Amino acid sequence: MSFFYKNHQFPVCARCTGFYTGLAVFLIYNLFYPINYTINLLIISIILMIPAAIDGLTQLMELRQSNNNLRFLTGLVGGIGLIIFMKIY
């Protein structure tokens with residue numbers, strides 16, 4: 001499922017839109033506020049990716065039905081965690 005804008009469907013799903021938004025927001029934030037990357041930040045980045053994984057897996061196993069708002073939110077948080085993880089390594 002993806003978002004629609006003026007009767008046009010987004011080319012990526014809502015969760016991926018959240019991931020891309022989270023990546024962009026964090027990179028812009030990091031330009032103005034440099035971050036000291038530590039092992040604690042690595043742990044936080046992994047924790048931030050967990051909600052997207054849980055949402056995606058429970059939906060894949062058909063345990064529940066997700067919606068675009070939840071997908072976007074978990075993708076946003078996961079995107080921030082992913083970019084922190086990628087910048088550390």
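A: Happy to! A residue is called buried if its relative accessible area is under 20%, and exposed if that area is over 50%. Bear in mind that this is a predicted model.

Q: Okay, so is Leu41 buried or exposed?

A: Leu41 has 17% relative accessibility, which is under the 20% cut-off, so Leu41 counts as buried.

Q: Which helix is Leu41 in?

A: Leu41 is found in helix 2.

Q: And what does Leu41 touch, leaving aside its neighbours within four places in sequence?

A: Leu41 is in contact with Ile35, Asn36, Ile84 and Ile88, once those neighbours are left aside. Take Ile84: its C-alpha atom is 7.6 Å from that of Leu41, and the two residues are 43 apart along the chain.

Q: Which residues make up the largest nonpolar core?

A: There are five: Leu23, Phe26, Leu41, Ile83 and Ile84. Helix 1 and helix 3 each supply at least two residues of this core.

Q: Back to helix 2. How many residues does it have, and how far does it reach?

A: Helix 2 covers residues 39–60, which is 22 residues. From its first C-alpha to its last it reaches 31 Å, close to the 32 Å expected.

Q: Where is the kink in helix 2?

A: The kink is at Ile50, shortly before the proline Pro51, and is about 25°.

Q: Which residues of helix 2 are buried, and what do they pack against?

A: The buried ones are Leu41, Leu42, Ser45, Ala52, Asp55 and Thr58. The buried residues of helix 2 pack against helix 1 (14–32) and helix 3 (68–88).

Q: What follows helix 2?

A: Glu62 does, and its phi is positive, near 60°.

Q: Switching topic: how many aromatic pairs are found in the whole structure?

A: A search of the whole structure finds two. In one of them, Phe26 and Tyr29 have ring centres 6.5 Å apart and planes at 35°, so that pair is tilted.

Q: Last one: which residues form the aromatic cluster?

A: Phe26, Tyr29 and Tyr33 form one aromatic cluster. Phe26 also belongs to the largest nonpolar core, along with Leu41.

Technical notes
Residues numbered from 1 in each chain as written. Predicted model: local features only at pLDDT ≥ 70, side-chain atom pairs only at ≥ 80, totals over all residues. Heavy atoms only, no water. Helix = DSSP H or I, 4+ residues; strand = E, 2+ residues; numbered from the N terminus. Expected span 1.5 Å × (residues − 1). Bend = angle between axes of the 7 residues up to and from the residue. Buried < 20%, exposed > 50% of the residue type's maximum accessible area, 1.4 Å probe, protein only. Contact = heavy atoms within 4.5 Å. Phe/Tyr/Trp six-rings, centres within 6.5 Å; stacked < 30°, edge-to-face > 60°. Core = buried A, V, L, I, M, F, W, Y, C linked by side-chain atoms within 4.5 Å.
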